[in-house]
Amino acid sequence: MLTLAPRAVPASMTALEPGRTPGRTQPLALSPKRVHALGLTYAAHINETGSDAGGPAVFAKDAASLLERGDSVASPSRDAMLAAVAKLDAALSSRVASRFPELPPLLDYEVELGLVLLEDVRADVLERPDFAPPVGYFLANDVTARTVQVLGEGRPDRMAFWGAAKSLPGFFVAGPVLWVPDAPQANACLDVTLTLTVNGEVRQRGQTMELIASPRELLRLAARAVPSGVLEKGDAVLTGTPSGVAFTVPAWKRKLAALLPGPTARLSAALRTHAPNPRMLKVGDVVEMDGGVLGRRRITITG
């Protein structure tokens with residue numbers, strides 16, 4: 001008998017409302033040396049993907065994936081994805097190349113609340129419930145090649161595949177505005193609605209107050225994953241996405257997929273289900289994200 005994951009619930013946090021909480025907006029100027037990312041942080045997204053609610057996933061995203069100029073993001077080629085996999089497992093990349101003469105990327109979107117560190121912060125300090133982290137808030141789209149991500153499922157280095165799936169060129173799309181509270185508060189989060197549309201159709205709309213952990217707790221997890229235990233000034237942290245992504249998997253189907261013999265079998269199953277999925281991004285799609293006070297940004301998927 002299959003045992004389904006317990007349902008996740010939002011955290012209890014103080015809402016920082018831009019119209020009522022003193023703060024300032026300024027143009028966002030990101031140049032992070034490191035990008036820390038978290039996944040499975042919204043209750044509804046955990047439930048729609050059939051994932052375990054045992055705590056957020058933590059992984060690294062290549063800072064070079066930041067879309068610094070322009071408004072287009074290239075859908076990754078088969079060769080680009082195979083190269084990304086080869087950096088983690090050359091033998092697996094060879095097997096995938098042999099079995100899949102065509103390899104759609106299963107390109108997906110993820111609107112997120114981003115944090116930028118305004119000072120260095122240590123993991124041990126973030127352990128204190130009364131600590132108010134010095135951060136600014138921004139809007140982000142964590143574009144993802146699910147084909148690469150699926151290949152890591154069931155592996156001990158699963159999070160490395162998550163990072164690779166989200167680190168292709170242009171896959172870190174940041175909004176235009178940074179919002180900084182005048183006085184940081186403990187156990188608090190900027191209260192905004194995150195919205196993402198594809199060709200004008202609303203795909204994601206979620207409240208940041210639906211996060212299952214506060215920004216301090218998410219920063220603590222990110223700091224604990226860094227060998228030095230320190231988040232440095234200028235580091236960017238992506239806090240995960242609300243529900244509405246294209247790649248969704250019922251809990252029962254995820255449990256069954258875990259029984260398939262190896263990563264290429266799981267990828268084959270994912271491609272059968274999602275390659276024809278009209279919600280996956282394709283060349284020509286226009287993707288726009290909106291974060292209220294955090295502004296909006298539009299990109300076009302190119303070949």
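This is a predicted model: local features need pLDDT of at least 70, side-chain atom pairs count only at pLDDT 80 or more; totals for chains, interfaces and linings use all residues.

Residues are numbered from 1 along each chain as its sequence is written, and side-chain values use heavy atoms, with hydrogens and water left out.

**Exercise 1.** Work out which side chain of opposite charge is nearest to R216.

*Solution.* 
- Find R216 in helix α7, residues 215-224 (helices are DSSP runs of H or I, at least four residues).
- R216 is buried (under 20% relative accessible area, 1.4 Å probe, protein chains only).
- The nearest opposite charge is E217, 4.1 Å away, and R216 has no salt bridge (a side-chain nitrogen of Lys or Arg within 4 Å of a carboxyl oxygen of Asp or Glu).
- Now check the backbone: the oxygen of L126 sits 2.6 Å from a polar side-chain atom of R216.

**Exercise 2.** Find which residues of α3 are buried, and where they lie on the helix.

*Solution.* 
- Within α3 (residues 90-99), pick out L92, S93 and V96 as buried.
- Looking down the axis, these fall within an arc of 100° (directions from the helix axis to the C-beta atoms), so they line one face of α3.
- Their cover includes α2 (78-86), α6 (158-165) and α9 (263-274).

**Exercise 3.** How many residues does the largest nonpolar core have?

*Solution.* 
- Join buried Ala, Val, Leu, Ile, Met, Phe, Trp, Tyr and Cys residues through side-chain atoms within 4.5 Å.
- The largest core has 70 residues, with V96 and L231 among those with the most contacts inside it.
- A second, separate core of 22 residues includes L28 and A236.

Definitions and conventions: Helices (H or I, at least four residues) and strands (E, at least two) are DSSP runs, numbered from the N terminus. Buried means under 20% relative accessible area, exposed over 50%, partly exposed in between (1.4 Å probe, protein chains only). Lys and Arg count as positive and Asp and Glu as negative; His and the chain ends are not counted. A polar contact is a pair of N or O atoms within 3.5 Å; within protein, one must be able to donate a hydrogen and the other to accept it, and residues adjacent in sequence count only if both atoms are side-chain atoms. Contact means heavy atoms within 4.5 Å.
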